[in-house]
Amino acid sequence: MTDEFKTLKKFDAGNGREGFFHSLPALEEQGVGKISRLPVSIRIVLESVLRNCDGQKVRRKDVETLANWNAKQPANEEIPFVVARIVLQDFTGVPLVVDLAAMRSAVRRLGGDPNIIEPLVPVDLVVDHSVQVDFFGSAKALQLNLEMEFKRNRERYQFLKWGQQAFKTFQLIPPGIGIVHQVNLEYLAKGVLSQKSGAQNAEIFYPDTLVGTDSHTTMINGLGVVGWGVGGIEAEAGMLGQPVYFLTPEVVGMHMSGQLREGVTATDLVLHITQLLRAQKVVGKFVEFYGEGAVSLPVPDRATIGNMSPEYGATMGYFPVDQESVNYLRATGRSDEQCRAFENYFRAQKMFGMPRKGEIDYSVDLDLDLADVQPSVAGPKRPQDRINLPELGKTFRALLEKPVTDGGYGKKNVDLREKHLVQLNGSAPRDRAMASTDEIDQGINPGDELNKIEMVTNRPTPDSGKEIEAESSEMFTQGQSRIGHGSVLIAAITSCTNTSNPSVMIAAGLLAKKAVERGLLIDPAVKTSLAPGSRVVSDYLDKTGLQKYLDQLGFNLVGYGCTTCIGNSGPLHPNIEKAIHEFDLVAASVLSGNRNFEARVHQHIKANFLMSPPLVVAFALAGRVDVDLSREPLGKDKNGKETFLRDLWPSLNEIKETMQSALKPEIFRRLYRDFAGQNPKWNKIQSSTGEIYQWDEKSDYIHEPPFFKNFSMEPGHIEEIRGARALGIFGDSVTTDHISPAGAIKATSPAGQYLISRGIEHADFNSYGSRRGNDLVMTRGTFANVRIKNLMVPGTEGGITVHQPSGEQMSIFDAAMKYAETKTPLIIFCGNEYGAGSSRDWAAKGTRLLGVKAVVAASFERIHRSNLVGMGVLPLQFPDGTSAQSLGLDGSETFSITGLSDKVRPGHHATLEIQDKGGKSRSVPLKLRIDTPIEIDYYRHGGILPFVLRQLLTK
């Protein structure tokens with residue numbers, strides 16, 4: 001236990017407990033900085049820096065710099081932030097557990113004790129990314145979808161089950177429980193944590209802080225908990241006790257006044273804020289909400305706003321701790337002892353209560369009157385493109401004819417009355433319905449990847465119709481429909497963003513009840529689903545009697561997981577798909593999710609609108625998006641009378657009364673215990689046991705990665721890169737999904753050929769995302785996205801390159817293996833915003849395993865840059881205005897990067913020396929994008945994992 005600044009003080013932790021804490025007021029009394037004027041989010045990070053100040057990982061200077069945070073000009077310094085815990089979802093979590101298992105195997109080979117590899121902070125993994133909407137609109141949908149999920153993911157689940165018993169600080173929450181961020185809000189988060197320390201066994205309290213391997217981890221900011229999404233590589237560092245480093249941020253203060261009007265939901269509010277903050281350019285900044293308006297918002301509304309931080313671009317969307325935060329912990333079944341400790345700790349730190357205007361210094365001050373928020377939706381391609389509800393029809397019609405280059409659909413002379421008959425013959429999609437990258441038409445036009453942050457086929461599981469049909473043929477809709485441009489074909493109440501909020505879920509139920517009572521029906525072409533982020537939602541929808549009305553409209557429960565929001569919307573009826581293709585329809589999905597990039601929701605649906613759960617039900621009833629629901633009817637009731645949205649919309653009073661009758665703390669306590677007992681399917685999975693994982697060479701899902709091959713205790717040296725070749729030259733906005741796709745595996749791709757060579761049939765390939773635990777598949781999948789354009793091979797798409805000096809055209813993987821034989825170092829050249837999109841660690845891991853030594857970009861996305869360093873790949877930046885194109889590079893050149901040695905420091909410069917095939921030389925200065933001293937160490941050691949492993953073995 002260190003107390004470098006002598007700030008350790010006692011406080012009353014409640015219920016007769018004596019607690020200790022590192023007091024920020026005591027630090028201020030020493031004259032270290034004006035701490036009481038700092039944003040609350042900065043103070044919580046400062047507490048971690050103060051408590052962990054040991055002179056090595058965290059230096060005295062780090063505490064002083066942050067305590068003197070300058071609102072208008074934050075220091076250009078990295079903050080070493082040691083978090084209290086980590087949350088993972090299964091997709092990004094599997095590779096982390098694989099790396100831990102590989103580290104244990106390496107320690108065993110070196111004759112050490114494998115148990116030194118253990119997460120040093122609590123880690124919770126929630127399995128939520130693997131369930132897909134194959135079955136819907138039926139009471140059996142939940143059960144059948146769960147069965148399909150277990151079938152598809154058995155090998156991954158066996159491995160996770162081994163991890164559950166091998167590591168002491170690793171808790172696994174099995175499938176069928178909920179979505180990680182909602183489970184975090186309702187169960188995992190404690191508000192304040194404590195640890196016994198020192199000879200006196202004093203109990204030291206500290207704020208609950210975390211990072212998660214999913215960008216929407218920021219949902220927890222609504223509870224006053226500091227946390228955000230990071231890449232898998234940063235999460236591994238945090239898991240192994242390393243600080244997570246980030247640049248000292250600006251903090252935007254958003255002062256809220258007034259109250260939401262009747263008929264306006266938390267979803268409308270978050271879409272309003274997303275549009276507002278996108279325009280303010282808050283990327284990489286903290287946003288802190290405060291003022292009387294913020295006081296009036298319940299925690300679920302605050303959590304909805306925190307959740308969408310990635311959409312408005314902020315690192316966090318934070319609400320300080322106040323009485324409402326404590327009330328929420330109580331209402332969700334946390335113990336009295338926990339709630340008192342939470343409140344008393346924040347009071348002792350003088351951080352309790354919502355700040356008022358003028359009490360805190362922010363970098364930028366913004367104002368929002370909650371009374372200005374109007375009912376709205378966002379889309380059809382970006383979450384920040386908000387549309388007031390009455391204007392949706394008009395906007396959609398305009399977009400249909402607007403040129404593709406201006407974000408429209410480029411249709412000519414559209415007649416929206418034109419509809420096409422579709423027969424729904426009760427059959428499942430079959431054969432070709434899998435979201436396959438073999439299809440040419442992905443709903444993406446050449447050259448328009450700009451806002452495709454998450455790409456088309458980011459689908460964790462396949463849509464294989466044959467299997468579904470074999471399971472249950474009577475499950476599929478009978479009937480016929482007429483569809484055209486603007487037809488709603490998917491209506492999904494889904495995603496942690498909104499299903500964690502009882503007010504909007506109950507509003508959806510009440511709207512459904514009124515619709516059913518009037519005899520309104522939903523067209524059979526609409527694929528309806530309800531996938532809440534927690535079983536608590538089902539409990540209160542059942543108790544209030546509202547679920548039966550949702551069921552009657554087809555919004556049956558399909559699973560507890562991310563589903564449609566991450567593209568697990570499952571297949572559409574083959575005749576619907578056929579009509580979309582034949583008539584080139586711009587059809588729509590409506591969902592209560594947080595992302596809507598084109599073809600993210602479903603590869604054949606081009607227009608995707610985000611909206612509140614009650615509006616999802618309303619648009620499913622209307623059956624189209626080219627409509628003004630403030631003036632046009634939703635449909636006709638059983639007496640043929642026109643029914644309008646205003647006839648069905650529940651009042652705030654109706655919602656409140658219904659809510660009070662249904663939400664009780666004991667429900668949360670009952671549903672969040674004994675997960676294994678509540679999940680018989682999980683219990684049936686057979687898995688290996690013991691401290692070392694028994695790697696199975698027969699497995700094509702889990703494979704020991706080569707990161708610790710020939711591992712020695714000596715770190716390497718930083719050396720110049722000479723005689724390198726370009727593996728790829730790419731343009732702007734290459735996303736992590738271009739670099740490491742998560743979608744379907746093409747049969748002709750290197751990964752597909754490898755799987756075929758292992759005796760796996762195309763139908764059983766599953767997706768890249770599901771095989772992230774196998775480096776042999778993932779390395780072959782790197783740069784294999786069908787939409788990536790290597791400028792070395794003009795006029796082509798997909799992962800191909802030209803090998804030099806042979807001039808032979810081949811796959812990027814094959815070329816990399818050829819270069820490896822001649823020990824030729826490789827470089828990737830790219831444009832602006834390289835690595836945008838989700839924080840996919842395989843985008844950096846795959847790059848490293850292909851033999852790439854450096855990535856030279858015009859600019860980098862923050863997380864991907866740090867992931868490259870974390871894997872021992874050197875990120876370098878062109879001077880402004882320079883690019884591979886402006887230099888006329890075509891890949892026939894040889895390159896050297898000079899000016900590198902063990903003496904380099906963050907922000908230093910290096911030189912790119914270019915020799916063309918005629919022997920002519922020129923050089924370009926490059927900025928070294930190793931941004932912190934610790935990153936120099938990571939790079940020298942060959943990455944963060946070897947660095948940590950050497951540290952643990954030296955101890």
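Visitor: In which loop does aspartate 674 lie?
Guide: This is a predicted model, in which local features need pLDDT of at least 70 and side-chain atom pairs count only at pLDDT 80 or more, while totals for chains, interfaces and linings use all residues. Residues are numbered from 1 along each chain as its sequence is written, and side-chain values use heavy atoms, with hydrogens and water left out. Helices (H or I, at least four residues) and strands (E, at least two) are DSSP runs numbered from the N terminus. On that numbering, the loop holding aspartate 674 is between helix 24 (665-671) and helix 25 (680-684).

Visitor: Is aspartate 674 buried or exposed?
Guide: Its backbone stands out, as phi is near 50°, a positive value in a residue other than glycine. Most residues other than glycine have a negative phi. For accessibility, buried means under 20% relative accessible area, exposed over 50% and partly exposed in between (1.4 Å probe, protein chains only). Because its relative accessibility is 52%, aspartate 674 counts as exposed.

Visitor: And phenylalanine 783, buried or exposed?
Guide: Phenylalanine 783 belongs to the loop between helix 28 (775-781) and strand 27. Its phi is positive, near 60°. Relative accessibility is 0%, so phenylalanine 783 counts as buried.

Visitor: How far apart in space are glutamine 804 and serine 892?
Guide: Glutamine 804 is in the loop between strand 27 and strand 28, and a cis peptide bond with omega of about 5° joins it to proline 805. Setting aside neighbours within four places in sequence, its contacts (heavy atoms within 4.5 Å) are Arg725, Tyr819, Gly891 and Ser892. Glutamine 804 and serine 892 are 88 residues apart in sequence, yet the C-alpha to C-alpha distance is 6.5 Å.

Visitor: What term describes helix 4 relative to helix 5?
Guide: Helix 4 (residues 90-109) packs with helix 5 (residues 141-166) at about 55°, their axes 10 Å apart. Angles under 35 degrees count as roughly parallel, over 145 as roughly antiparallel, 65 to 115 as roughly perpendicular and the rest as oblique. Therefore helix 4 is, relative to helix 5, oblique.

Visitor: How many charged residues are in that contact of helix 4 with helix 5?
Guide: Among the contributors are Phe91, Val94 and Arg104 of helix 4, and Arg156, Phe159 and Trp162 of helix 5. Ala, Val, Leu, Ile, Met, Phe, Trp, Tyr, Cys and Pro count as nonpolar, Asp, Glu, Lys and Arg as charged, and the others, Gly among them, as polar. The contact has nine nonpolar residues and one polar, and the number of charged residues is three.

Visitor: Which glycine follows helix 32?
Guide: In helix 32 (residues 933-940), the buried residues are Ile934, Glu935, Ile936, Tyr938 and Tyr939. They pack against strand 11 (244-247), helix 31 (862-870), strand 31 (874-877) and helix 33 (944-954). With a positive phi near 85°, the residue following helix 32 is glycine 942.

Conventions. Axes fitted to C-alpha atoms, helices over the stretch in contact; angles between N-to-C directions.
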